[in-house]
Amino acid sequence: MRWRTYISVCLLSALRGAFSARPESRDVLLASALLRPDPNKAGPSPPPPAPPAAAAPAESPPAPSHTQPVAQVAPSPPAAPAAPAAAATAETAAPTAEPAPAPAPTTPEPEKCDPIPGSQTWRKAKKHSQTCEGKMFSCIRGCKYMVEQDECDECEGINVTQIDAAKEVDDYQNKQNSKFRIPTGVDSYGWGIRGCTKKNSVLCYDQERKKVCCCNLGYNFDFQTRECLPDSEDPANKEEAIPGSQLWGRMKKKGSADKCVKEQSKWCCHRSCTYELDKDKCGRCENYDQKPPTTVAQIVLDWEKANGPFLIPPAIDKPGLFGGCSTKNSKKCVAQHSSTKHCCCNKGFVWSFETRLCTAAAQVQQEEQHQYQEMQSYDQAAATEQSHQGPPPQPPAPAPEPEGQSAGGSAGGNAETKQAATLAAKTAMKAGGFGAAAPHSLALLVPMLAFSLLRGLWLV
């Protein structure tokens, strides 16, 4: 019986040593018990915990002998509780974002028509055009507005985008031509005596010297109304009246001139036309794209500087067959550097272009001062468009009397007696509309009457 007791003690000691050498098995069992789901609580099952790190094996105590008592082994401390399952699920699971709604399909805006400026004046739709914004018209898709012809043309297809009509008009007035130019499709010079039909329009010449229509000085062409309207922006674009032209009669050759708009009693040269003082009319019209002609005030001052203030232009008055001059206080004379006979004002008098008479020097000085101020204002306004002519010269001092005047005194004596007789006839002819042609007509009328009288007496 003794050996059985000894074997039982050895087996029990071996079992106790093996149990104390592996305490981690007890810890694993305790952790599994804590993570076991509670059937009374709802929620998803927690993920299995990671296995703990293997602990170093503890040294087994020496096996006790059968004579020594076996010591009681203390239990291992419990492991820390794991996090709740609900918190772990909230941290690990990311919220799912809702997909953005698809954008609603956009409807294309309707295509806008491009109205032609001033097309409301058309009587009906022209070629390749359509109605636009009420009574206006526009070119059809793919066609271009031709400003010079005032119609739509050069169509290139429905997928081709042409320049706007308003842009074409702006290029025509500011780059290709000028604001006073009237397109041929709107108004043309025509044949014969038709001329330009627009109000305040005149004949002008383009770069190729072709006859076209332009708005007269002081006006610009407005595409919206298709009329020549007054220009209030450019001070250089203004009409200039010819001094003394209010005395022109109906039979007077005026050249390229019309009645002035502001001073309606006087005449003004057309745009780009020059006042020819030696002929006392307007002529020599240049292309409108060239340098503007010399002003009338400058031409008058140049004449007085070259010939003196007492010489009368031959187109206004010149000696007749008997050597007399029709202008009061004037006599026949010979101009400097000229063999042609002229009429000159007597001593103490100077020639006035405004009144077309030989008047006192003080009155003419006031007129020249007025012309000087007008020319200065014109030069300042046109400084950006033409070369600055500088201030005009001061009115020249009276020049010495020419030698031909004293020599022509005897020849002009007969004219003094004739002047009183012809003055009444001259006034009557002016009243009848002969105007500036009266002096030359009288010069021929008197000898013809005398010849007829002598011929009648001879026949008797």
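Y6 is partly exposed, with a relative accessible area of 46%; here buried means under 20% relative accessible area, exposed over 50%, and partly exposed in between, using a 1.4 Å probe and protein chains only. This residue belongs to helix α1, which covers residues 2-21. Helices (H or I, at least four residues) and strands (E, at least two) are DSSP runs numbered from the N terminus. Together with I7 and L11, Y6 makes up a nonpolar surface patch of about 310 Å² of accessible area. Such patches consist of residues with over 30% relative accessible area and no salt bridge, with like charges joined within 9 Å and nonpolar side chains (Val, Leu, Ile, Met, Phe, Trp, Tyr) within 5 Å. The areas come from the Shrake-Rupley method with a 1.4 Å probe, and for residues only the protein chains shown count as cover.

The model is predicted, so local features need pLDDT of at least 70 and side-chain atom pairs count only at pLDDT 80 or more, while totals for chains, interfaces and linings use all residues. Residues are numbered from 1 along each chain as its sequence is written, and side-chain values use heavy atoms, leaving out hydrogens and water.

Next come the strands. Two strands pair if DSSP finds at least two bridges between them. Strands β7 (residues 219-222) and β8 (residues 227-230) run antiparallel and are joined by four bridges. Within this pair, N220 has L229 of β8 as its bridge partner. The two strands form a hairpin with four residues between them, and R226 in the turn has a positive phi of about 60°.

An open sheet is built from three strands in the order β13-β15-β14, with antiparallel pairing. Its edge strands, β13 (311-312) and β14 (330-334), each pair on one side only. Five bridges connect β14 with the antiparallel strand β15 (residues 341-345), and K332 has C343 in β15 as its bridge partner.

Charged pairs complete the picture. Side chains of opposite charge can pair when their charged atoms come close. The structure holds 13 salt bridges, each defined as a side-chain nitrogen of Lys or Arg within 4 Å of a carboxyl oxygen of Asp or Glu. One of them links R181 to E148, with the closest N and O atoms 3.3 Å apart. R181 lies in the loop between α4 (165-176) and β5 (201-205), and E148 in the loop between β3 (144-146) and β4 (151-153), so the pair ties together parts that are 33 residues apart in sequence. R181 counts as buried at 4% relative accessibility, whereas E148 is partly exposed at 22%.

Another salt bridge brings K198 and E227 together, their closest N and O atoms being 3.7 Å apart. This pair links distant parts of the chain, with K198 in the loop between α4 and β5 and E227 in strand β8, 29 residues apart. K198 is buried at 19% relative accessibility, and E227 is partly exposed at 32%.

K266 and E263 also meet through their side chains in a salt bridge (3.5 Å, N to O). Here K266 is buried, with a relative accessible area of 12%, while E263 is partly exposed at 40%.
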